[in-house]
Amino acid sequence: MGKRISFEEEKCTNCNLCSMYCSLNFTRNGVYEYRPSIARIRVSQNDDDTRYVAHVCLQCESPACMEACPVDAISKDQATGIVSIDEEECTGCESCIDACEFDCVFMVGGVAVKCEVCDDPLCVKACAVKALELVDDDDVKDQELLYREVGL
Amino acid sequence: MYGWMGTILRVDLSSGKIEREPLDENLAREYVGGRGLGMKILYDELNPGCDPLSPENILIFANGPLTLTGALSSGRYMVITKSPLTGTICSSNSGGYFPAAFKTAGYDAIVLKGKSEKPVYLWIDDDHVELRAAGAIWGKDTREADRAIKRETHKDARVACIGPAGENLVRFAAIINDASRAAARSGVGAVMGSKNLKGIAIRGTKGVRVHDPEELLRATVVADHIKKTELGEAFGEFGTPLFVDIMNANNIMPTENFREGFFEDGDEINGAEIIDRTLLRAKSCYACCINCGRNTKIPEGSKYSGRGDGPEYETCFSLGSNILVGDLDALTKMNYICNELGMDTMDAGCTVSAIMELFEEGLLNEEDIGFPMKWGDADNTIRLLEMIGHAEGFGKEAGKGGYYLAGKCGRPELFMGSKGQGFAGYHPRGMIGQALIYATSPEGGNHTTGNTIQPEINGIPEPMDPLTGKGKPALAIMRQDESAIVEACGLCVFPYMLIETGIEILAEYYTAVTGKYYTEWDIRKMGERIFNLERALNHKIGFTGKDDTLPRRMTEEPHTEGIGEGNVVHLDELLKEYYELRGWTPDGVPSEEKLAELGIS
């Protein structure tokens, strides 16, 4: 059983509240900041401004990012299915970013970061159109397809 | 400081000097940000008598302390300057994604002075700020310029720029951001053009500090609440063109240069028709859940072609009902042209409607214009709009605004506006509170310095008879002060004016963001301070109550049929009560006592 954040394209309006609220989790020294540039979920749009896609890690069965990491900083928890990055170990080589065909790994302050699924995800709470959901679900085909198809 | 970024960027376009100045905390406490802070800077630094299109004028971009926080609909910014259209001060606002980039780059405001010798654009990449040559981009429309500037800077940059209309100093030129959103009103784009500034591109990666994010998360609960209200739900579904139906049903949809309040082809240009015919998808501004934005395309097989955003309700009225165009494709085309050339659809429409009436009266003819301008002629309107934006032929005269043109023809009263700026799409004769707001607004006929749709039309919080003056001075004051504080906070007026507890909620957000306790009363008081400051600055420029006027059509020519038949605006009585309640002198100037009470000096 894998926990992950699911995304429904139809509902998204590109408001970016998910990124804003996600970033609150990564605040340091007790100072809370809305800082979309460090978020683990990012919305991209096509040139036409007709498609909006929130990129958020699918917690893949066999993660390409993990395979690609030369220093074994990425691991998958067998119990929860969640793929996480050890920021201390990460050297910032960006191999994982190149490897992730879904564009769900991001560079922040010289290290790679990705969604590691919070207990009570703020992105889901903040999404007023309910395009995001916390699910126990291994069936990621639709979302994979979306990321591949859009290629944003 | 929580909420504010703490830095004002100052750019002298004449010398190329760029400076950073720490934000004065006392100033921020009293005038908040956005429209308030910008207006205070103008109050302190502007030569009131300056020509708005001279290097002496000051152009200010500002966001607010609540911009890009969890507060509802917080993706807005404001442009504050002295208007070349009205000669008054003005604050024009816009949403989209540019405001988020602006704030996260680390600035509360950008103050631009002087005039660049050659065309330039300003590139801000967080702390890196530079002026770059814009010679190759000058002349491009806003869509092309947006793309070109992004190519030269960064793919994640967000751009606000002017089109040919701004370059040609069209008095109602807009500043367009994200290629589709407009800080449209009062000719702010012409001021930018007069400074040889083509655009501002910003990439921001910093964070906005807030005191209590958990309290702000409650915004999503409020968002749910808004979306569940009848109007909130309809807004998301139909966008602002939803108002076509509401205004038509209440006989206040301005039609034929405000002769009437009902447009028989309303169903051809309303929100439902847009969904059926042109809508590609609904979209939001950054940090907003309402998604009233319309991404549209004129369908294949139409006489017209193009794609872009909108039209918004205000365009459905100004270039639709008010000039008797009931063809959505034509209306959408006009909207795209205005966006691409960078001009305000509202004043473009109010200018065209005045031209059509002057043409009908024989005061303008084919020789003057180059072609006839009859009611409902969409194709010649399209021709004229292009001539205005490019300053060609008669377009050069029309680009000076409808009030100028009507005055030149000896009939200034045929321009439907106040202080030289066209009205918004709410007929004054059928909404007496709105009429008073138009007359007393520091920036002329507009709906963002206060609107009374909720109480007068939708009966929220309590029904008010829209056709009488009873209680309207107090209502106008309340709504004006509310919009001043909402725009000073860097927010969109929609949710705060939509729900009856809007200002109470705003006080809670303000407290949560800044970490200092503010009551609803405090918030309202700040709004009052800002509004009075605007009137005081206008007075320095030379405006008094004598300029708080409405065209004769509103005060002497009654509504001919339907709801409000026989109604006119009794402006003089309303103004008397309004000035008294405001604590101003009988000639409409904020009194010494009032200014002292509000701490304005």
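At 6% relative accessibility, D146(B) counts as buried. The cut-off for that label is under 20% relative accessible area. The model shown in these views is predicted.

**View 1. D146(B) pairs with K150(B) in a salt bridge.** The closest N and O atoms of D146(B) and K150(B) are 3.0 Å apart. Both residues sit in helix α4 (residues 142-152) of chain B. They are four residues apart there, so about one helical turn separates them. What is the relative accessibility of K150(B)? K150(B) has a value of 22%, so K150(B) counts as partly exposed.

**View 2. R158(B) and D178(B) form a salt bridge.** Here the closest N and O atoms are 3.8 Å apart. Where do the two residues lie? R158(B) lies in strand β9 (residues 158-161) of chain B. D178(B) lies in the loop between β10 (175-177) and β11 (181-183) of chain B. The pair therefore ties together parts that are 20 residues apart in sequence. D178(B) has 13% relative accessibility, so D178(B) counts as buried.

**View 3. Salt bridges with shared partners build one network.** Which residues does the network join? The members are E256(B), R259(B), E357(B), E360(B), R553(B) and E557(B). Over all chains, a search of the whole structure finds 54 salt bridges.

**View 4. Helices α12 and α15 of chain B pack at an angle of about 0°.** Helix α12 spans residues 328-341, and helix α15 spans residues 378-389. Their axes are 10 Å apart. Angles under 35 degrees count as roughly parallel. Helices α12(B) and α15(B) are therefore roughly parallel to each other. From α12(B), the contact uses A330(B), K333(B), M334(B), I337(B), C338(B) and L341(B). From α15(B), it uses A378(B), T381(B), I382(B), L385(B), E386(B) and G389(B). How do the contact residues divide into nonpolar, polar and charged? Eight are nonpolar, two are polar and two are charged.

Methods:
Residues are numbered from 1 along each chain as its sequence is written. Chains are lettered from A and ligands numbered from 1 in the order in which they are written. This is a predicted model: local features need pLDDT of at least 70, side-chain atom pairs count only at pLDDT 80 or more; totals for chains, interfaces and linings use all residues. Side-chain values use heavy atoms; hydrogens and water are left out. Axes are lines fitted to C-alpha atoms, for helices over the stretch in contact, and angles run from 0 to 180 degrees between N-to-C directions. Angles under 35 degrees count as roughly parallel, over 145 as roughly antiparallel, 65 to 115 as roughly perpendicular and the rest as oblique. Contact means heavy atoms within 4.5 Å. Ala, Val, Leu, Ile, Met, Phe, Trp, Tyr, Cys and Pro count as nonpolar, Asp, Glu, Lys and Arg as charged, and the others, Gly among them, as polar. A salt bridge is a side-chain nitrogen of Lys or Arg within 4 Å of a carboxyl oxygen of Asp or Glu. Buried means under 20% relative accessible area, exposed over 50%, partly exposed in between (1.4 Å probe, protein chains only).
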